[in-house]
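Here is a briefing on one protein model. It covers a sheet, its packing helices and a set of charged side chains.

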Amino acid sequence: MAQGGVVTTEGNHPSVIFSFIILHPPMMMKWQPCALLPLLALLFITAAQGAIMISTTDPNIYWSDYNWYRSSSYAQSVNPGAYFKVTFTNSSLLALQLHVPPSPSPPTTAYMTLRYSLDSAPYVNITLPAPGNIIKIASGLSSNSSHTFVCYILNSVFTVSRWYNGPPNSVMISGLQVEDGGKTLPNMIIKPKRMLAYWDSIGEGVRTLGVGDALVVDDSTITWAFSLAEGLDAEISVIGFGSQGYTVTGVGDVAPLFTPGNDSFSAWDKYFDAQSRLTSGKFIPPPDYIFCGHGTNDFYRGVSSSVVQASVSGWLEAVRAAAPSAHIFLCVPFGGFHRLAITQAFGNNTGDARSYLLDLGAEAQEGLSSLGVPSRFADDGLHPLGPRSGQLGGILAVKATKEIMKKKMQ
């Protein structure tokens, strides 16, 4: 039986880049160095033979709470902005092992970008699919020191399903490869609060770097969502799907956020089709904050105010049942779309003392309400560029904090 692939790495860490073929049995190796000296390649191969894999179930790995479906053998997410982080020691090498199911087959062309950093070094981007289904992060590390690794889903294409049959437009992680004796540590910095944010393409960072190819200009890590989370001292799970709305589907076959009377065609409580995000009807762990900013795509696809209002009302009731103690913020989209329907739906929800309406008004709407009309804040007139998106997150954090304090004083 033969296995093979290409292991590569980028960044500021000592590294080796080579291709390999492993034959079993008998155990034989042949290598063809692609860079640096053959001896160095041999050294890394020898080290990799003694590697062990840290499972995705390791309790010291933090996964953004509501983004990752986790089985006993892998962690899977479809969401740009999803991330995980871990601190480890007793290992001079680190690699990320991907899981590829036999069916459905994953895309053979570029469909997703991961972004990682080790020990606060500059970010490195890796495009999936990865050759050999393994991503070598670093070798030559000090095994006597602790090292912290963080990895994000940066972006993904819209043309591959994010919802059905797998889905293929996802990343599935089997674990982390370290040297025999390597282990994780519990001393990683985790923020005290948990936040869940439902949004559309503006949530997944579409066109934060301008108009162009999704795998080049979409950056989920520089949006309003991460600025908002910093302001509220929370770890965030962004659930953002381009073209999705309260009542309309998103690209990649994603269901609408909430379809009254049709749970199977509602996305809010699912990682993807038929895979619940809830445990016994509840979010685990309980989120401290939930934000929702849909409405833009309902507007552009001609959905009536009454239909949107019914969906918003149903979602508010459903999400409260799943998160009894959360502060729930119903947000008017930055562009002001369906403001009346959203405001009226919130007005019918006055019995909920821990829910809030956030409308940033003209301050946020400037330059973000006319798709196809470029502005200083958005190259396409709708999706805020990274700097503006970050500013909007800061404004949301300030206003959310004020609303909470206002109710506490009542």
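Which residue's side chain meets that of Lys85 in a salt bridge? Glu235 does, at 2.9 Å from N to O. A salt bridge here is a side-chain nitrogen of Lys or Arg within 4 Å of a carboxyl oxygen of Asp or Glu.

This is a predicted model; local features need pLDDT of at least 70, side-chain atom pairs count only at pLDDT 80 or more, and totals for chains, interfaces and linings use all residues. Residues are numbered from 1 along each chain as its sequence is written, and side-chain values use heavy atoms, with hydrogens and water left out.

**Salt bridges**

- The count comes to 12 salt bridges.
- Lys85 lies in strand 8 and Glu235 in strand 17, so their bridge ties together parts that are 150 residues apart in sequence. Helices (H or I, at least four residues) and strands (E, at least two) are DSSP runs, numbered from the N terminus.
- Lys85 counts as buried, at 14% relative accessibility. Glu235 also counts as buried, at 3%. Buried means under 20% relative accessible area, exposed over 50%, and partly exposed in between (1.4 Å probe, protein chains only).
- Arg115 and Asp219 form a salt bridge through their side chains, at 3.1 Å from N to O. This pair links distant parts of the chain, 104 residues apart: Arg115 is in strand 10 (residues 112–118), and Asp219 is in the loop between helix 2 (214–217) and helix 3. Both Arg115 and Asp219 are buried.
- Arg320 pairs with Asp352 in a salt bridge, with the closest N and O atoms 2.8 Å apart. Arg320 sits in helix 5 and Asp352 in the loop between helix 6 (339–347) and strand 22, 32 residues apart.
- Arg320 is buried, with a relative accessible area of 15%. Asp352 counts as buried at 15% relative accessibility.
- A network of salt bridges links Asp263, Asp269 and Lys270.

**Buried charges without a salt bridge**

- Asp298, in helix 4 (residues 296–300), is buried yet has no salt bridge. Its nearest side chain of opposite charge is Arg301, 7.7 Å away. Lys and Arg count as positive and Asp and Glu as negative; His and the chain ends are not counted.
- Beyond its neighbours within four places in sequence, Asp298 is in contact (heavy atoms within 4.5 Å) with residues including Tyr246, Val308 and His338.
- Arg388, in helix 8, is also buried and has no salt bridge. Glu366 is the nearest side chain of opposite charge, 5.5 Å away.
- A polar atom of the Arg388 side chain lies 2.7 Å from the backbone oxygen of Glu363.
- Not counting residues up to four places away in sequence, Arg388 touches Glu363, Ala364 and Phe377.

- 5 strands form an open sheet in the order 17-16-20-21-22, with parallel pairing. Two strands pair if DSSP finds at least two bridges between them.
- Strand 17 (234–240) and strand 22 (355–358) stand at the edges with a single partner strand each, so one side of each is left without a neighbour in the sheet.
- From one strand to the next, the twist averages 15°. Axes are lines fitted to C-alpha atoms, for helices over the stretch in contact, and angles run from 0 to 180 degrees between N-to-C directions.
- Strand 20 (residues 289–292) and strand 21 (residues 327–331) pair in the parallel sense over 4 bridges. Phe291 has Phe329 of strand 21 as its bridge partner.
- Helix 5 (residues 305–322) packs on the sheet and touches strand 16 (193–199), strand 20, strand 21 and strand 22. Its direction makes about 165° with that of strand 21.
- Helix 8 (residues 386–408) packs on the sheet too, touching strand 16, strand 20, strand 21 and strand 22. Its direction makes about 140° with that of strand 22.

- Strand 13 pairs in the antiparallel sense with strand 8 over 6 bridges and with strand 10 over 7 bridges.
- Tyr152 of strand 13 is the bridge partner of Tyr83 and of Arg115.
- Helix 3 (residues 224–231) has buried residues Trp224, Ala225, Phe226, Leu228 and Ala229. Their cover includes strand 8 (83–89), strand 13 (147–156), strand 16, strand 17, strand 20 and helix 8.

Notes:
A polar contact is a pair of N or O atoms within 3.5 Å; within protein, one must be able to donate a hydrogen and the other to accept it, and residues adjacent in sequence count only if both atoms are side-chain atoms.
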